[in-house]
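Here is a short briefing on one protein model. Look at the structure, then read the points below.

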Amino acid sequence: MGLARITRRGNELPSSGEWSFPDYEMLHDQVVNIPVQLGVSADCGFAGIGLALFGNVNPVLPDFGVALTVSLGKMR
């Protein structure tokens with residue numbers, strides 16, 4: 001659990017000229033962030049493979065992802 005400071009792009013601001021790149025307002029939020037991870041793996045002696053679901057839960061900008069995990073080596 002941690003405190004997250006999120007900066008993200010807001011609405012496009014009026015441009016100052018015909019050939020300029022667009023400018024955007026910056027939105028700033030500070031929220032409590034809860035990281036989560038859930039994974040499964042199959043280990044066969046010296047090597048293993050698995051799948052992990054991970055994410056950050058917060059009310060402003062939650063995100064989630066999937067990762068393929070590979071492990072090498074013998075742990076005791």
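Is Leu72 buried or exposed? At 68% relative accessibility, Leu72 is exposed. Exposed means over 50% relative accessible area, buried means under 20%, and partly exposed lies in between (1.4 Å probe, protein chains only).

The model is predicted, so local features need pLDDT of at least 70, side-chain atom pairs count only at pLDDT 80 or more, and totals for chains, interfaces and linings use all residues. Residues are numbered from 1 along each chain as its sequence is written, and side-chain values use heavy atoms, leaving out hydrogens and water.

**Nonpolar patch**
- Ten names make up a nonpolar surface patch of about 1100 Å²: Leu38, Val40, Phe46, Ile49, Leu51, Leu53, Val66, Leu68, Val70 and Leu72.
- Strand 2 (24-44), strand 3 (47-57) and strand 4 (63-72) each give two or more residues to this patch.
- Strand 4 gives the most, with four residues.
- Strands are DSSP runs of E, at least two residues long, numbered from the N terminus.

- Leu38 sits in strand 2 and is exposed, with a relative accessible area of 60%.
- Leu72 belongs to strand 4.
- Beyond its neighbours within four places in sequence, Leu72 is in contact (heavy atoms within 4.5 Å) with Phe46 and Ala47.
- Leu72 and Ala47 are 25 residues apart in sequence, yet 4.5 Å apart in space, C-alpha to C-alpha.

**Rings**
- Arg9 lies over the face of Tyr24, at 4.1 Å from the ring centre.
- For such a case, CZ of Arg must be within 6 Å of the ring centre and within 35 degrees of the ring normal.

Notes. Patches are made of residues with over 30% relative accessible area and no salt bridge: like charges are joined within 9 Å, nonpolar side chains (Val, Leu, Ile, Met, Phe, Trp, Tyr) within 5 Å. Accessible areas come from the Shrake-Rupley method with a 1.4 Å probe; for residues, only the protein chains shown count as cover. A salt bridge is a side-chain nitrogen of Lys or Arg within 4 Å of a carboxyl oxygen of Asp or Glu.
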